Amino acid sequence: ALAALENFPEAEVQFRSALTINEATHGAIHSRVAGNLANMGWMKIEQTAPAEARPLLLDALNRQQQIFDGDHPQVAYTLHHLGRAALLEEDLEAAEDWLTRALQMRDVLFDADHPTLADTHLMLANLKEAAGDTQAAIDHLQTVLRIRDQRNPLSDDSRSALTERLSGLQAASSDQGGP
């Protein structure tokens with residue numbers, strides 16, 4: 001909650017304290033410890049510090065893979081944020097790998113209209129746009145709008161911004177001879 005309010009220094013103190021307590025209480029390989037690490041990674045992304053986020057997220061993923069057998073929401077969350085961190089660092093190949101794995105896992109775990117799928121599709125749209133794959137970016141943005149219209153609708157401002165972005169990509173695609 002503190003990180004969401006952008007009180008990052010206090011949030012980091014709280015996350016590190018929780019990590020220390022959880023490691024002492026539960027041991028290093030526990031879902032609470034992995035969750036603390038993943039949340040600290042998320043916080044670093046929100047601070048636009050992806051280089052600091054990646055090691056935390058990789059550590060969380062390693063622990064999660066030792067804890068959970070198969071697909072798990074916490075693993076999908078961590079994969080998603082590893083993709084976000086890689087995208088911020090403009091490591092498009094790694095971002096695509098992490099985000100694709102997150103989306104595949106979320107497809108298995110959640111209903112087709114679950115908001116977390118929209119989140120990953122949005123990151124994949126950003127990735128595809130950065131990579132110059134306009135049609136794939138359009139496809140992902142259309143999926144975001146479909147999911148969000150069905151469940152957990154966007155605010156008017158957010159929907160308008162997303163629709164404008166989609167229209168701009170569609171115009172650029174048709175200028176380039178796309179569908």
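Here, buried means under 20% relative accessible area, exposed over 50%, and partly exposed in between (1.4 Å probe, protein chains only). The model is predicted, so local features need pLDDT of at least 70, side-chain atom pairs count only at pLDDT 80 or more, and totals for chains, interfaces and linings use all residues. Residues are numbered from 1 along each chain as its sequence is written, and side-chain values use heavy atoms, leaving out hydrogens and water.

With those cut-offs, R159 comes out as partly exposed, at a relative accessible area of 30%. Its salt-bridge partner is D149, with N and O 2.6 Å apart; a salt bridge is a side-chain nitrogen of Lys or Arg within 4 Å of a carboxyl oxygen of Asp or Glu. D149 sits in helix α7 and R159 in helix α8, so the pair ties together parts 10 residues apart in sequence. Helices are DSSP runs (H or I, at least four residues), numbered from the N terminus. D149 is partly exposed too, at 43% relative accessibility.

The whole structure turns up 14 salt bridges. Another one of them pairs E12 with K44, at 3.1 Å from N to O. Since E12 belongs to helix α1 (residues 8-26) and K44 to helix α2 (residues 31-46), this pair links parts that are 32 residues apart in sequence. E12 is buried, with a relative accessible area of 18%, and K44 is buried as well, at 7%. Through shared partners, salt bridges join E12, R16, K44 and E52 into one network.

Definitions and conventions: Helix = DSSP H or I, 4+ residues; strand = E, 2+ residues; numbered from the N terminus.
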